[in-house]
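Student: I would like to go through this model with some questions about its ligand and its domains. Shall we start once it is on screen?

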Amino acid sequence: MDLRYSPEEQQFRHELRDWLARVLPTVPPKPAADDWPARRAHDTAWQRLLFEAGYAGINWPRDYGGRGATPTEHLIFLEETERAGAPYVGVNFVGLLHAGPTLVAEGTDEQRARHLRPILRGDEVWCQGFSEPGAGSDLASLRTRAVRDGDHYVVSGHKLWTSYATVADHCELLVRTDPDAPKHKGITWLILPMDSPGLDVRPIETVLGSSEFSEVYFDDVRIPVTNRVGEENDGWRVTMVTLSFERGTAWVDQIVDSMRLVTDLVAIAKTVTRRSATAWDDVGLRRDVGHLAAEFDALWALVKRGVSQAQATGVPGVGASVLKLRYTEARQRLMDLAARVLERAALSRTDIGALWSLSGRHSGEFVEERINSLSYTIAAGTSQIQRNIVGERILGLPRER
Amino acid sequence: MHFLPTDDQLELQRGVRDLLAAKFPLERLPGGYDAGLWAELTATGVFGLRDELGLGLAESVLVFEELGRACVPGPLVATFLAAGLPGRAGSGPVGMLDPAQAPLLLAHLGIAESVLVLHEAGPQLAGPVSGAPVPEPVDPLSPLHELAATPDGHVVGDADATVRLRREGALLTAALQVGLAARLTDLAVDYAKTREQFGRVIGSFQAVKHLCADMFVRAELARVAVHAAAVTLDDPDTTDGPRTVAGAKLLADEAATVNGRSSVQVHGGMGFTWEVPVHFFLKRAWLHATEFGTAEDHAEDLALLL
Ligand SMILES: Cc1cc2nc3c(=O)[nH]c(=O)nc-3n(C[C@H](O)[C@H](O)[C@H](O)COP(=O)(O)OP(=O)(O)OC[C@H]3O[C@@H](n4cnc5c(N)ncnc54)[C@H](O)[C@@H]3O)c2cc1C
């Protein structure tokens, strides 16, 4: 067991740090949360910078234009970019972390040649059309129907919660091709061009008041059969192959951010007056802060264990569900703790007062993230579903039915 | 970075696990302290892992996890810590006393050859001591005595040595707690796979399944925290030791005590019987939670290090 980085890994870190120090001052400020075209431009411009510096697709194989970095280098990349305040992967998320790796693993040569480079260069954006009104946790019950018509599939139905749909060029789409087969056996994975006729994208307002996701209606949308990834009716397996990619190093940036947030909160608590003393004089608060710090330190260690496992065996191991469960709940507790420190300054998403700026943080940021963190225990498999996974796949307890 | 146990470390851990499975199966547990087992553990080098075999705390926590998993009775941690101290007579069990704690309770007085007294100014080793037996100790396998006064011993280190011993003691106790937490999970899961109600095994009910899942998650998180703290203390180039140990002890205390309660719950009425061994593990966890700093102490200490 060794937590120290090798000389090569340290070298990688230092080169990356130097590059970030040079390039970040040239990156324009983050656009308004609601301005989706501007956000797309911002996120893809950053992706282009990464591409030109050889950091795009850090963990993708070299043969497909990636850097072929080791899992540990990938971890270092995520840690350093977060610490340096670099832009988040943003609208490139689905392309880089999900659709791209799926094409690498399951796509045809033509599909790879067509799509991988534009993802890496930040030229094209992807979204994920999996969930439906009737298919959330029970994803395999999806009903959006695709009927073969010559060399096309004709798709009709309704997708829901499609993040970035308004700014995406392509969508990884799960459709039902065999309604008579058992539910996992009749699903197919398709590449949907978002400018296809018959498509209707309607933004949904989130609890943040912005529209990160949309519903997507399909009215006889024609998709070429050559856009199929994997065999017909084999889409569930194709999906499962790459869901693990998404889970390996997910949350790393946020865990790094959480550890920093804990220390920032300490600084703020020392300046905030509560009754006759500072908030930090309250031993109850101090203990809660200490407890959360312990938890984030342990989650960081858990990430390193998973990365080491991936490096040794190629798969991240059982830690992914454990990490998601504990991290997302810890993050929500952290935001509640921040609200305890800020008290009534936590009542607006626009900054009130100036106290917290001493840590470089803004009260509005906490409030925004407090709201945002509500989604973490829902998206990408709810906490209840994660507990089922731990209970059934790790502990071997029988399914309910 | 390679934060996985090496093959040698895994083999060491497996060796201790196999030894305990053979020599100290669950059926033996209610008998309490077992002098033969203790001698065997001593001969295997369990207490001299670092000071005689030259291994690190990383190896030691893996072994202590197994001692916890088997719920081995006896003053395991203090005996390990004493192995490195000068002027120690004999190689038998060593008790541990923290003079700052009240009441002044000593576990395993009857078998302790000597007692490690963790004075702030520096640790002392005292000879056999006497005290009044505490009736009905909560952990029936860890008899307690109340001492009238802190015994005098000979000084075996300075104030820094006490700080170091407290830190290492907290780490090894946390490793015991992780072992208890993991075993409590195994006991609950095994029971949930066999006990039937409403025509099916109770582990298929989500309310039970999720209790078990949470137990597993708690034990896993505490385990990586303990491993990270051990590796950090072993590394002379970092100063993060105090922070990681505090975090490990508090998460491990929580994992062991909460898993204990959950394991009783999963066992239903059987969990409330003396015959089912779950209570021994929970009661041991309660004892360890008061040793080498409570979760509250460590949370506060950690906050001040931020
Ligand atoms: C911010 C955000 C972004 C998203 N982005 C996308 C996207 O880009 N593409 C996409 O396809 N999807 C996306 N999703 C959808 C997401 O994957 C689903 O919301 C999620 O899988 C849950 O499905 P649901 O909303 O239908 O809830 P439901 O499945 O209806 O769950 C409702 C409640 O019931 C519980 N529940 C359900 N089944 C069980 C069970 N078997 N046992 C115990 N409890 C159960 C759940 O835990 C939850 O508490 C996004 C969601 C969010 C919040």
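**The ligand site and the domains**

Tutor: In this predicted model, a polar side-chain atom of S163(A) lies 2.8 Å from a nitrogen atom of the ligand.

Student: Which residue has a polar side-chain atom 2.7 Å from an oxygen atom of the ligand?

Tutor: Polar contacts are pairs of N or O atoms within 3.5 Å. Q384(A) has a polar side-chain atom 2.8 Å from an oxygen atom of the ligand. The residue with a polar side-chain atom at 2.7 Å from a ligand oxygen is T382(A).

Student: How much of the accessible area of the ligand does the protein cover?

Tutor: On its own, the ligand has 970 Å² of accessible area. The part of this that the protein covers is 66%.

Student: Which domains of chain A does the ligand lie between?

Tutor: The domain assignment divides chain A into domain 1 (7-88), domain 2 (127-233) and domain 3 (247-394). Two of these give residues to the shell around the ligand, so the ligand lies between domain 2 and domain 3.

Student: Which chains share the site?

Tutor: The ligand is surrounded by 18 residues, and S131(A) and W161(A) are among the closest. The surrounding residues come from two chains, so the site is shared between chains A and B.

Student: What area is buried between domain 1 and domain 2 of chain A?

Tutor: The centres of these two domains of chain A, taken over C-alpha atoms, are 30 Å apart. Four residues from domain 1 of chain A and eight residues from domain 2 of chain A make the contact. Carbon and sulfur atoms give 56% of the area buried between domain 1 and domain 2 of chain A, which is about 530 Å².

Methods: Residues are numbered from 1 along each chain as its sequence is written. Chains are lettered from A and ligands numbered from 1 in the order in which they are written. This is a predicted model: local features need pLDDT of at least 70, side-chain atom pairs count only at pLDDT 80 or more; totals for chains, interfaces and linings use all residues. Side-chain values use heavy atoms; hydrogens and water are left out. A residue is near a molecule or strand if one of its heavy atoms lies within 4 Å of it. A polar contact is a pair of N or O atoms within 3.5 Å; within protein, one must be able to donate a hydrogen and the other to accept it, and residues adjacent in sequence count only if both atoms are side-chain atoms. Accessible areas come from the Shrake-Rupley method with a 1.4 Å probe; for residues, only the protein chains shown count as cover. Domain bounds come from an automatic or database domain assignment. Contact means heavy atoms within 4.5 Å. Buried area is the accessible area (1.4 Å probe) that two parts lose on being put together, summed over both.
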